[in-house]
Amino acid sequence: MDRPVDFADPSYDSVLTAEQREQLWSLHPDGRARFWGATPAHDRKFKDVARGDVVLFTGQGQVRAIGEVGAVFRNRALADLLWPPRSGEAGWHTVYSLTDVVPADIPYEELNTSLGYRPAHNFPGQMVLHGDKARSVLEDFMITPGAGEPLLPQQFTAEVSDPVRIAALEELRTHRTGYRRSPRLIVVDRREARLVREYRRHLTARGVTATRFYCPSGISDMYVVTDGEPEVIEAKSTAGHRHVRQALAQLLDYAPHSPSPAGRLSALFPELPDHGDVGLLHRYGIDCVHRDPAQGFRRLPAPGDRRELMRGLWSTTPATASAG
């Protein structure tokens with residue numbers, strides 16, 4: 001897991017079947033891949049693991065990396081080369097390549113809250129989640145597997161059904177906080193994901209359902225329809241000037257692709273931005289929403305006339321604009 005393996009090396013290539021070799025090269029055309037595996041004791045538990053499934057690698061009290069499953073096959077000879085068994089211990093059995101691995105730093109406490117487990121629950125071995133528990137993890141930590149990229153904007157909501165795989169990993173050393181995007185897998189900064197999670201619960205308590213949508217520019221953080229008015233929401237982990245500008249740019253980028261014409265754009269922050277930054281958002285008709293100790297969340301709406309002025313631009317795609 002620490003580094004990609006050159007599976008084209010003769011020592012590895014010689015133990016691959018023709019089918020396994022073809023599978024690996026089709027998913028990893030550079031001839032290198034990261035691998036993890038399971039022993040025969042996990043066969044029944046992991047029988048449904050398939051390409052595109054999400055894996056959470058845990059260790060030392062946190063989720064340390066998030067990956068996406070690529071090739072899946074059984075090859076004890078390859079497994080023994082990748083992870084030489086210790087004397088008297090059973091060797092590995094099933095081999096999984098990973099099309100993507102993204103560093104993470106999600107504490108067990110946050111993962112346990114998402115799963116409904118006790119705060120001190122540990123993850124000593126491998127487990128598989130399905131259904132609501134899997135969906136909760138993907139939603140709460142804003143994990144978007146690459147297998148979903150071809151979906152149209154109208155097809156993507158929070159109703160994600162992919163299973164989530166949680167496995168122990170003690171060797172991975174890399175972890176950092178920040179927004180990371182690999183070629184396929186998207187994992188959002190955990191502070192930003194936590195803010196979105198809190199605001200989604202705030203909306204749910206008021207009978208509003210939050211979803212997300214794909215567009216050529218990426219994936220919106222939140223998309224809600226309140227009283228018939230579609231709203232696109234972009235969240236940021238801090239309220240500094242740089243993040244305010246990022247939220248502004250992303251909202252203007254996403255707005256033309258809203259599943260229904262956006263009636264409101266909102267930037268979501270963990271605290272109140274500076275007065276000048278709120279003014280910057282308002283100048284473009286964008287609301288500012290921030291966490292507030294007394295109210296939970298507080299909205300500073302853009303002036304109505306400014307919002308009306310900007311709505312025409314929000315819903316105009318570049319192609320439509322150039323055609324006029």
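This is a predicted model: local features need pLDDT of at least 70, side-chain atom pairs count only at pLDDT 80 or more; totals for chains, interfaces and linings use all residues.
User: How many helices and strands does the chain have, and what makes a run count as one?

Analyst: The chain has 10 helices and 18 strands; these are DSSP runs numbered from the N terminus, a helix being H or I over at least four residues and a strand being E over at least two. Residues 24 or more positions apart account for 66% of the contacts in the chain with a separation of 6 or more.

User: How do you know that the length of helix H6 agrees with its number of residues?

Analyst: The expected span of a helix is 1.5 Å times one less than its number of residues, so the 15 residues of H6 (residues 190–204) should span 21 Å, and the end C-alpha atoms are 20 Å apart, which agrees. At the start of H6, a side-chain oxygen of Asp189 reaches to within 2.6 Å of the backbone nitrogen of Arg191.

User: Why is Thr94 called buried, and what does Thr94 touch?

Analyst: Buried means under 20% relative accessible area, exposed means over 50%, and partly exposed lies in between, with a 1.4 Å probe and protein chains only. Thr94 has a relative accessible area of 6% and is therefore buried. Thr94 is found in strand S5 (residues 94–107), and, not counting residues up to four places away in sequence, touches Trp36, Gly37, Ala38, Asp43, Val72, Phe73 and Arg74. Over the whole chain of 324 residues, buried residues make up 52%.

User: Why does Leu82 count as buried, and which residues are in contact with Leu82?

Analyst: With 15% relative accessibility, Leu82 counts as buried. This residue of helix H3 (residues 76–82) is in contact with Val5, Tyr12, Phe35 and Val95, leaving aside neighbours within four places in sequence. Leu82 and Trp36 are 46 residues apart in sequence and 8.8 Å apart in space, C-alpha to C-alpha.

User: Why are Gln60 and Asp227 called exposed, and what is phi at each?

Analyst: Gln60, at 62% relative accessibility, counts as exposed, and Asp227 is exposed with a relative accessible area of 79%. Gln60 lies in the loop between strand S3 (54–59) and strand S4 (62–74), whereas Asp227 is found in the loop between strand S14 (222–226) and strand S15 (229–235). Phi of Gln60 is near 55°, a positive value in a residue other than glycine, and phi of Asp227 is likewise near 55°, positive in a residue other than glycine.

User: What makes a set of residues a nonpolar core, and which residues have the most contacts inside the largest one?

Analyst: A nonpolar core is a set of buried Ala, Val, Leu, Ile, Met, Phe, Trp, Tyr and Cys residues joined through side-chain atoms within 4.5 Å. The largest has 23 residues, and those with the most contacts inside it are Val232, Leu265, Ala267, Phe269, Leu281 and Ile286. Helix H7 (241–254), strand S16 (264–269), helix H8 (275–283), strand S17 (286–292) and helix H9 (304–314) each supply at least two residues of this core, and its largest share, 5 residues, comes from H7.

User: Why is His243 called buried?

Analyst: His243 is buried because its relative accessible area is 15%. His243 has its place in helix H7 and, leaving aside neighbours within four places in sequence, is in contact with Lys236, Ser237, Thr238 and Phe269.

Notes. Residues are numbered from 1 along each chain as its sequence is written. Side-chain values use heavy atoms; hydrogens and water are left out. A polar contact is a pair of N or O atoms within 3.5 Å; within protein, one must be able to donate a hydrogen and the other to accept it, and residues adjacent in sequence count only if both atoms are side-chain atoms. Contact means heavy atoms within 4.5 Å.
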